[in-house]
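This briefing is an introduction for someone meeting the structure for the first time.

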Amino acid sequence: MVVEHEFKVGNRVCTFWQRIGTVLSINGNSGIAELFTVIVKWDDGKVTTQCATNLWVEGQSPKFHYALEAAHLEHDNRLKREALRRQEEAEFEAELRNYPYQLKYKEGERIFYPHYGCGTVIKASSSIVEIRFAKGYERPLSTNPPMRHATAEDELYDPYAIEWQPAPEDDSATIASLVSDVDDWAQIVQGLVGKDNQDDIDHDMFTRECLHATLNTLNKKGVIIAPEVLNKLNQADQFFIDNSVPLAEPDVEAIKNKVPRMGPVTLLDPKEFWYRYRWPK
């Protein structure tokens with residue numbers, strides 16, 4: 001059975017992808033016209049085989065493409081939602097500007113707050129402001145006292161600024177150095193039992209910190225560590241935990257007020273440096 005279809009050799013045809021070409025031949029012996037394929041030489045010189053349903057004769061109305069239409073519709077809706085969001089934000093900002101007396105602190109202003117020190121307002125409202133303190137530490141705080149605007153003296157002498165020390169790294173770390181550090185730590189924990197000399201304990205904890213740096217660096221580099229090495233480390237850590245008692249988290253106020261000084265106070269994060277905050281039984 002001969003099936004009539006809309007294309008003939010020599011027709012100028014268009015497609016959804018904004019290409020124009022000339023029909024070279026028509027393939028297919030199926031009785032369903034929609035399954036015919038058309039070989040087209042495009043104006044850019046390329047020759048491809050196209051499904052007839054994706055083509056129409058130049059000058060005629062383009063065919064309907066469900067997937068493209070859905071994508072265009074979603075894109076248009078996304079643009080509308082984005083425009084609406086920007087409009088709502090602009091209206092909110094305009095409302096804030098119309099009522100400046102409600103804002104005690106504005107974005108960009110420097111404030112001083114006990115226990116945190118000097119910081120910058122990054123988001124403002126009438127009752128709560130978001131403050132960025134040292135080392136990018138952010139938290140929302142009430143605009144009520146004891147918050148106040150920072151003075152020049154606060155900026156020059158800020159004993160309250162706190163900087164949490166980041167996890168250490170060791171650029172020279174290797175698997176061999178990790179194995180050696182784990183062996184050293186496994187031996188040290190055995191001797192920690194019953195020790196009460198703070199200087200000696202601090203020295204031993206520094207060994208664990210060096211191990212921390214080695215392990216942290218290898219993990220960041222994506223180096224695969226043998227399970228037996230990690231197991232030995234976990235066993236040594238567990239031995240230390242079983243034979244030690246937890247200390248209170250660092251007393252920030254005590255550290256800050258013990259020796260007033262210029263600049264921030266650097267502390268170890270107890271979640272990162274857990275071993276620093278335990279004491280042998």
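Helix axes are lines fitted to C-alpha atoms over the stretch in contact, and the angle between two of them is taken between their N-to-C directions, running from 0 to 180 degrees. The model described here is predicted. In this model, helix 3, spanning residues 175-192, packs with helix 5, spanning residues 227-242, at an angle of about 20°, and their axes lie 9 Å apart.

**The helix pair**

- Because angles under 35 degrees count as roughly parallel, helix 3 and helix 5 are roughly parallel to each other.
- The crossing in which helix 3 passes helix 5 is left-handed.
- On the side of helix 3, the residues in contact include Leu-178, Val-182, Trp-185 and Val-189, while those of helix 5 include Val-229, Leu-233, Ala-236 and Phe-240.
- Sorted by class, the residues in the contact of helix 3 with helix 5 are twelve nonpolar, one polar and three charged.

- An open sheet is formed by five strands, which follow one another in the order 4-3-2-1-5 with antiparallel pairing.
- At the edges lie strand 4 (47-51) and strand 5 (55-57), each of which pairs on one side only.
- On average, and with direction ignored, neighbouring strands of this sheet are turned by 45° against each other.

- Strand 2, made of residues 20-27, and strand 3, made of residues 37-42, pair in the antiparallel sense over six bridges.
- Ile-26 has Val-38 of strand 3 standing opposite.

Notes. Residues are numbered from 1 along each chain as its sequence is written. This is a predicted model: local features need pLDDT of at least 70, side-chain atom pairs count only at pLDDT 80 or more; totals for chains, interfaces and linings use all residues. Side-chain values use heavy atoms; hydrogens and water are left out. Helices (H or I, at least four residues) and strands (E, at least two) are DSSP runs, numbered from the N terminus. Angles under 35 degrees count as roughly parallel, over 145 as roughly antiparallel, 65 to 115 as roughly perpendicular and the rest as oblique. A crossing is left-handed if the near helix is turned anticlockwise from the far one by less than a right angle, and right-handed if clockwise. Contact means heavy atoms within 4.5 Å. Ala, Val, Leu, Ile, Met, Phe, Trp, Tyr, Cys and Pro count as nonpolar, Asp, Glu, Lys and Arg as charged, and the others, Gly among them, as polar. Two strands pair if DSSP finds at least two bridges between them.
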